[in-house]
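Let's walk through this fold together, one piece at a time. Keep the sequence and the 3D view at hand as you read.

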Amino acid sequence: MTTPSRRRLMRDFRKLQEDPPSGVSGAPTEDNILLWHAVIFGPQDTPFEDGTFKMTLEFSEEYPNKPPTVKFVSKMFHPNVYADGSICLDILQNRWSPTYDVAAVLTSIQSLLDEPNPNSPANSLAAQLYQENRREYEKRVHQIVEQSWEAFNTELDEQTKAALDNELREEFEQVERELLRPQENASRTNQQGQNTAAATHDAQDAPTQAEEGQEAAASATSGEEQQTAGQAQA
């Protein structure tokens, strides 16, 4: 069923494909356009640099009049991110506007990574360290950056393993076909040879049978002639 919110999300998706913002990506799931998966890459020259952070966006049928529910799936240490991954960001709450689209949401969250608002903390420890001990704060951030690599590599390994399994299975089937093909050809050749031999044997037997028939006819004729001659003499 097509609704205004779903049509709007399709436009948002086309925009992301045709003019993708730097450092963010997103797409709806295959069976539900109201549920999106997204990835935000840590901004360069920040403690979050090289991080690969996954998140979900859940839209309602009231979008774009109401904002989506956005959560980090990857572990995050940030003054404005709750323990469950929810994000404390004004445009997702009281400053939302229907003019915002998915690209605007993702780029705003990317900017928030290096521009937190410690005065409205969702993670009090992260906010305190950001203000009072920046070195320790950045150390914690580097840890979640490394964890994002590990999570990404694990997922990539699973995808690679599945792809390799499919590739190996296809190669095995190909080898099996190649090994069986000579046997099948030999079987067909043997069958053809047997058929040819049988046909040749039948062809050779045919003249013999004809000759036997001719000899039998000749013998019968000779017997009749002898009987006639005997009767004439009598």
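This is a predicted model: local features need pLDDT of at least 70, side-chain atom pairs count only at pLDDT 80 or more; totals for chains, interfaces and linings use all residues.

Residues are numbered from 1 along each chain as its sequence is written, and side-chain values use heavy atoms, leaving out hydrogens and water.

Which residues of H1 are buried? They are Ser5, Arg8, Leu9, Asp12, Phe13 and Leu16. These residues cover an arc of only 145° around the axis, which means that they sit on the same side of H1. The arc is taken from the directions that lead from the helix axis to the C-beta atoms. On the other side of H1, Pro4, Gln17 and Glu18 are exposed. Here, buried means under 20% relative accessible area and exposed over 50%, with partly exposed in between (1.4 Å probe, protein chains only). The cover over the buried residues of H1 includes E1, E2 and H2, where contact means heavy atoms within 4.5 Å.

## The sheet

The chain has four helices and four strands, and along the sequence they follow the pattern α-β-β-β-β-α-α-α. Helices (H or I, at least four residues) and strands (E, at least two) are DSSP runs, numbered from the N terminus.

The strands make an open sheet in the order E1-E2-E3-E4, with antiparallel pairing. Its edge strands are E1 and E4, each of which pairs on one side only. Two strands pair if DSSP finds at least two bridges between them. E1 and E2 also form a hairpin, with two residues between them.

| Strand pair | Residues | Bridges |
|---|---|---|
| E1 and E2, antiparallel | 24-29 and 32-41 | six |
| E2 and E3, antiparallel | E3: 52-58 | seven |

You can find some of the partners by eye. Glycine 26 has alanine 38 in E2 as its bridge partner, and proline 28 is partnered by tryptophan 36 in E2. Isoleucine 40 stands opposite phenylalanine 53 in E3.

Two helices lie across these strands. H1 lies across E1 and E2, at about 30° to E2, whereas H2 lies across E1, E2, E3 and E4, at about 35° to E2. Axes are lines fitted to C-alpha atoms, for helices over the stretch in contact, and angles run from 0 to 180 degrees between N-to-C directions.

## The nonpolar core

The largest nonpolar core has 39 residues, and those with the most contacts inside it are Trp36, Met55, Leu57, Phe72, Ile87, Val102 and Ile109. H2 gives the most to this core, with seven residues. Such a core is a set of buried Ala, Val, Leu, Ile, Met, Phe, Trp, Tyr and Cys residues joined through side-chain atoms within 4.5 Å.
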